[in-house]
Amino acid sequence: MTREQIIAAYSSKLERIEASRTYSDHAKRVMAAKAYKEAQAALDQLRQGEVDSISTRRAQLQRRMFGHPGTADAQTVIARRDANDRAAKLDDPRVAQEALQTAQMEGDDLMAQAIAARAAQSGWSDVLGSYAGGRPGFQEAAEEYSQLPDPDNWQWKFHHTGQFMAGAPSNLRDAQPHEIDRLAAVDLDAPEDAA
């Protein structure tokens, strides 16, 4: 279901609960709390699915731009870590540009990728442009990557989470979250003295 479908189904359920002449006010509050918790759980699952999808796509694009897709043997993994460590120590775009040219001349793809990743993190567009020049598909991947939100950015996370919040039912607007949780846990089929 989409966000809109979840909200529409939730709103419809709340309207039916409120319009019922069969249920007591207490039963309506319990049913509304259950509907709210159910809708919020569905929205949370949908939101997390979007976050996971964005994170997965960003990782795929990063591998396409700066690494090797798929698995690597132990020696390659060690060489990649070494290249990443050396690239992380670069703090000047001119030095990084020289190191990139040397790596490319020597055919050291792992070092070139590590330097390019460092350049991307530091905003060294000239260095990144030098790396991207001879790599088909790099520019497209970089553009797609730059258009995707960063799920770890707190501002994006706050805004995105806010889009997946179910509004509290009108008969529970004054209730605290723990009270809604307590109401949602009530079993209306249980005998009254057990409730």
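Modeller: The protein averages a pLDDT of 90, and 95% of the residues score at least 70; pLDDT is the predictor's confidence in each residue, from 0 to 100. This is a predicted model, in which local features need pLDDT of at least 70, side-chain atom pairs count only at pLDDT 80 or more, and totals for chains, interfaces and linings use all residues. Residues are numbered from 1 along each chain as its sequence is written, and side-chain values use heavy atoms, with hydrogens and water left out.

Helix α2 (residues 25-66) packs against helix α8 (residues 154-162) at about 145 degrees, their axes 10 Å apart. Helices here are DSSP runs (H or I, at least four residues), numbered from the N terminus. Axes are lines fitted to C-alpha atoms over the stretch in contact, and angles run from 0 to 180 degrees between N-to-C directions.

On the α2 side, Arg 47, Glu 50, Val 51 and Ile 54 meet Trp 156, His 160 and Thr 161 of α8, contact meaning heavy atoms within 4.5 Å.

Key:
Helix = DSSP H or I, 4+ residues; strand = E, 2+ residues; numbered from the N terminus.
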